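Please work through each task before reading its solution.

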Amino acid sequence: MINEIKTIVQNYLSNAKLCSLMVGTVSSGGIKISDKLIIPNELVVGNLKGSLTAGRKVRLLRNHGGQQFYILEVIEE
């Protein structure tokens, strides 16, 4: 019984998008995380959002669930 509960918890944690730190580059449509993934501007929040320009690298905090991203800092200009 304990092993089944451990398996259920592990499967839940594997499928849940927990809070995490990410690095991305600002582009015209949002923040590019990888070659295939660009976070749209609608999902990005934070005080720095209005002052970003294309090409800047930023550190993001992904909210639990992956539906919102907070800009923590600008890494490079």
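**Exercise 1: A charged pair**

E73 is partly exposed, with a relative accessible area of 34%; here buried means under 20% relative accessible area, exposed over 50%, and partly exposed in between (1.4 Å probe, protein chains only). The model is a predicted one, in which local features need pLDDT of at least 70 and side-chain atom pairs count only at pLDDT 80 or more, while totals for chains, interfaces and linings use all residues. Residues are numbered from 1 along each chain as its sequence is written, and side-chain values use heavy atoms, with hydrogens and water left out.

Task: Determine which side chain meets that of E73 in a salt bridge.

Solution. 
- Step 1. A salt bridge is a side-chain nitrogen of Lys or Arg within 4 Å of a carboxyl oxygen of Asp or Glu.
- Step 2. The partner is R59, at 2.7 Å from N to O.
- Step 3. Strands (E, at least two residues) and helices (H or I, at least four) are DSSP runs, numbered from the N terminus.
- Step 4. A search of the whole structure finds one salt bridge.

**Exercise 2: The sheet**

Task: State the order of the six strands in the open sheet, and explain why one side of β3 and of β4 is left without a neighbour.

Solution. 
- Step 1. The order is β3-β2-β1-β5-β6-β4, with mixed pairing; two strands pair if DSSP finds at least two bridges between them.
- Step 2. β3 (38-40) and β4 (44-45) stand at the edges and have a single partner strand each, so one side of each lacks a neighbour in the sheet.
- Step 3. β1 pairs with β5 in the antiparallel sense over six bridges, and with β2 (residues 30-32), also antiparallel, over two bridges.
- Step 4. T25 stands opposite K57 in β5 and opposite K32 in β2.
- Step 5. β5 and β6 run antiparallel and are joined by six bridges; R62 has F69 in β6 as its bridge partner.
- Step 6. The hairpin of β5 and β6 has six residues between the strands, and G65 there takes a positive phi near 100°.

**Exercise 3: The core**

Task: Identify the residues that make up the largest nonpolar core.

Solution. 
- Step 1. A nonpolar core is a set of buried Ala, Val, Leu, Ile, Met, Phe, Trp, Tyr and Cys residues joined through side-chain atoms within 4.5 Å.
- Step 2. The ten residues are M22, V26, I31, I39, V44, L52, V58, L60, F69 and I71.
- Step 3. Two or more of these residues come from each of β1, β5 (57-62) and β6 (69-76).
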